[in-house]
Amino acid sequence: MALEICVKAAVGAPNVLGDCPFSQRALLTLEEKKISYNMHLINISDKPQWFLEISPEGKVPVVKFDDKWVADSDVIVGILEEKYPQPCLKTPPQFASVGSNIFGTFVTFLKSKDANDGSEQALLNELKALDEHLKAHGPFIAGEKISAVDLALGPKLYHLEVALGHFKKWTVPESLTNVRNYMKSIFSRESFVKTRAAKEYVIAGWAPKVNA
């Protein structure tokens, strides 16, 4: 039986997979575990009534487990791990929060209009910490095998690369070789290529926030 999952449709293209990193995290988990699923694309700016009935807050992703729709990618990934334990994607607890501040510092830097507000340095500090971690423990956050923490961080790093490259002409410094190799490795996985949004939709998704 295929699982039902609702994810974000692309901005301005309701029939194309959209740019939500949390939706991609759930899709990546399904792909890595080889679970069959039916994907429903939700136009976030014009949510259908049936969707609001199953997700009153209008949030994506939502997945149907045993006739019950469940929201929140953290919860969804936890249930998938429980119900489909193979291959194991559990991240050891000591590594679970590695890289967890990168997305927040990326968004602050992306929206920043002041080159001296420290937002770029804050992001660099987080990326340097990730680089050090990968140098000691890599190639993935928990070692040799990809795990849940990588599937959560990968989509966020993809947004970082695309959005900062477009809006700020900024790239991850070449000195951070471990981070760059890590990104290359995750972005080239079959599961990632299949579940990522096209770059133009990532850019379209961020444009209103950047230009606010």
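This is a short chat about a predicted model.

Me: What should I know before reading the numbers?
Reply: The model is predicted, so local features need pLDDT of at least 70 and side-chain atom pairs count only at pLDDT 80 or more, while totals for chains, interfaces and linings use all residues. Residues are numbered from 1 along each chain as its sequence is written, and side-chain values use heavy atoms, with hydrogens and water left out.

Me: Where does Leu27 lie?
Reply: In helix α1, residues 21–32. Helices are DSSP runs of H or I with at least four residues, strands are runs of E with at least two, and both are numbered from the N terminus.

Me: Is Leu27 buried or exposed?
Reply: Buried, because its relative accessible area is 1%. Buried means under 20%, exposed means over 50%, and partly exposed is in between (1.4 Å probe, protein chains only).

Me: Which residues does Leu27 touch?
Reply: Ile5, Val7, Leu17, Tyr37, Met39 and Thr195, not counting residues up to four places away in sequence. Contact means heavy atoms within 4.5 Å.

Me: And how far is Leu27 from Arg196?
Reply: They are 169 residues apart in sequence. In space they are 9.2 Å apart, C-alpha to C-alpha.

Me: Now helices. At what angle do α4 and α9 cross?
Reply: Roughly 65 degrees. The axes of α4 (residues 102–111) and α9 (residues 199–210) come within 9 Å. Axes are lines fitted to C-alpha atoms, for helices over the stretch in contact, and angles run from 0 to 180 degrees between N-to-C directions.

Me: Which residues make that contact?
Reply: From α4, Phe103, Phe106, Val107, Leu110 and Lys111. From α9, Trp206, Lys209 and Val210.

Me: What does UniProt say about residues 66–212?
Reply: An unreviewed entry annotates them as "domain: GST C-terminal". Such annotations may be inferred rather than shown by experiment. In the model, this span is 61% helix and 3% strand.

Me: And residues 10–88?
Reply: The unreviewed annotation there is "domain: GST N-terminal". That span is 37% helix and 25% strand, with end C-alpha atoms 31 Å apart.
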